[in-house]
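Please find below some notes for a colleague who has the model open. They are arranged as numbered points and may be read in any order.

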Amino acid sequence: MPSPQSGSERAGASEIQPAKGKLGIMIPGMGAVATTFIAGVEAVRRGLAKPIGSVTQMGTIRLGKRTDNTTPLVKDFVPLADLNDIEFTGWDIFGENMYEAAKTAGVLDREHLEQIRPFLESITPMPAVFDQFYVKRLSGTNVKKGRSKCDLANQVKEDIQRFKQRTERQVVMWCGSTEIFLEQSACHQSIEAFEKGLVEDDPAIAPSQIYAYAALSEGVPFVNGAPNLTVDIPALQELSRRNNAPICGKDFKTGQTLLKTTLAPMFKARMLGVAGWYSTNILGNRDGEVLDDPESFKTKEESKLSVLEHILQPEKYPDLYKDMYHKVRINYYPPRGDNKERWDNIDIFGWLGYPMQIKVDFFVPGLDFGGAAGVGSGSFHGLSAADG
C-alpha cells in the first residue's frame, strides 16, 4: 500500500497555479518542426486557421457520469496559457530567421507564410550548442564556441536567464535532430558526476543533454521531442526533482509510431497474435539525411522497436507475441522532401491461429507535427484468411 501523504503533501499536489503572464517556449533546433509549430500558433492566433490536431485547443474532457453530458473544453478546464500569451525563441545551427527557415523547409504554402511573414522574420535563432560527432550528416555556422561543455552549458543558462526577463514562465522543447545512439555511462549516474563530465568534455554527454542540464538547472521544464538518451539518466532526473522542473518526452511520435501505438493495443485487447511487423519510412528532408547515418538511425530504431514490446508484453503473452519479428527501416530519398511516407505490413493471426495481414500506407504532404502541417492521406488494407 502507498504510504499516507501528509496534509502539506496533499495540498501541494492539488495546488495548480494559474497560468498568468507570458509563457516562453525555447526551442533547440528551429527547423521544419519548430517553424511549422510556430507558424501554426501565429496563424491560429490571427484567426487564419483552426488548431486542428491540438488536444489542448480542440479536445474536451468528461466530468462526472457520461449521462451528465458535462464535457468542457480542455483549455477551459485546465489552467493553460492562452495562445496569445506565448512567446518563442530558440537556438539553431543555421542563423536564418524563421521565415527563411520555413521557406527552406518547404512545409507550409507560400500563401500561409506571407500572411505571417513579419512575425516569423522577427524570430532569429541564437547560436546553438553543436558537435558533428553526434549528428554526422549536418554542419552549421551559427554555433556556440566554448572552452568546455561546461562553458557551453553556462552560455545556454545565460540565454535562458535573459529570456526570463521578458517572460514569466518558460519551457525548453527539443526539436533538434536525432543524435547518435548513446547508452548510460558513469558520468550519467549523479549530478556531481555529470557536472564533472561537463568540465572534462566527456564524450558521453551529447548536446541535447547540455540543453536539458541548463534548463533544469534554471528550474525550467524540458520536453524531449527526439528518441535521444537526453533525460533518461539518473543525473538529470535527480536534477529535475531537486529543482521541481518536470521532464517528459521520448520523440514526438506523430507518424508511423503513432500508428503502432494505436494498432498494437487493439491487437492486445482482442488477444490477436502478431507474427511480424515490417515498417519502412521514406523521407528526403534534413531529418532523413541525418537518419541516413547508421549511428543516428540506431537511436530511432531502438525507440521504434521498443514500443511494441512495451505495449504487447511478450513475456506475459508468449503464445501471441514471443516470436514476433519486428523490422524497421528509414530510407533517405531526396525527391520526397518533407513529404513523408510510411509503409507497414503486419502479419497477425486470430482464431485457431489462422493468419491475416494488415497493410498501411500513410502519406503526409509536409511535416506531420501533430497534424499541424498539411493534410495526411492514408490507406488501410486488411486481408483476412478467408480472402486467401
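How many aromatic pairs does the structure hold?

1. Aromatic pairs. The structure holds 7 aromatic pairs, where rings of Phe, Tyr and Trp (its six-membered ring) pair if their centres lie within 6.5 Å, and planes under 30 degrees apart count as stacked, over 60 as edge-to-face and the rest as tilted. One of them joins Tyr317 and Tyr321 in an edge-to-face arrangement, 6.4 Å centre to centre and with 80 degrees between the planes. Tyr317 is partly exposed at a relative accessible area of 26%, whereas Tyr321 is buried at 1%; buried means under 20% relative accessible area, exposed over 50% and partly exposed in between, with a 1.4 Å probe and protein chains only. Trp91, Trp174 and Tyr211 form one aromatic cluster.

2. Basis of the values. This is a predicted model, in which local features need pLDDT of at least 70 and side-chain atom pairs count only at pLDDT 80 or more, while totals for chains, interfaces and linings use all residues. Residues are numbered from 1 along each chain as its sequence is written, and side-chain values use heavy atoms, with hydrogens and water left out.

3. A charge over a ring. The charged end of Lys136 sits over the ring of Phe133, 4.5 Å from its centre; the criterion is that NZ of Lys or CZ of Arg is within 6 Å of the ring centre and within 35 degrees of the ring normal.

4. An open sheet of 6 strands has the order 3-2-1-4-5-6, with parallel pairing. Strand 3 (126–127) and strand 6 (247–248) stand at its edges with a single partner strand each, so one side of each is left without a neighbour in the sheet. Strands (E, at least two residues) and helices (H or I, at least four residues) are DSSP runs numbered from the N terminus, and two strands pair if DSSP finds at least two bridges between them. Strand 1 (residues 23–28) and strand 2 (residues 86–92) run parallel and are joined by 6 bridges, with Thr89 in strand 2 as the bridge partner of Met26.

5. Strand 7 and its partners. Strand 7 (residues 273–283) is largely enclosed by the rest of the structure, because 9 of its 11 residues are buried. Strand 7 pairs with strand 9 (residues 340–349) in the antiparallel sense over 9 bridges, and there the bridge partner of Thr280 is Trp343. Strand 7 is also joined by 8 bridges to strand 8 (residues 325–332), the two running parallel, and Tyr278 stands opposite Lys327 in strand 8.

6. Positive phi values. Most residues other than glycine have a negative phi. Asn69, in the loop between helix 3 (55–58) and helix 4 (74–77), has a positive phi near 55 degrees and is exposed, with a relative accessible area of 64%. Asn244, in the loop between helix 11 (234–242) and strand 6, likewise has a positive phi near 55 degrees and is exposed, with a relative accessible area of 69%.

7. A residue of helix 12. Leu263 is found in helix 12 (residues 256–269) and counts as buried at 12% relative accessibility. The C-alpha atoms of Leu263 and Leu308 are separated by 9.9 Å, although these residues are 45 residues apart along the chain.
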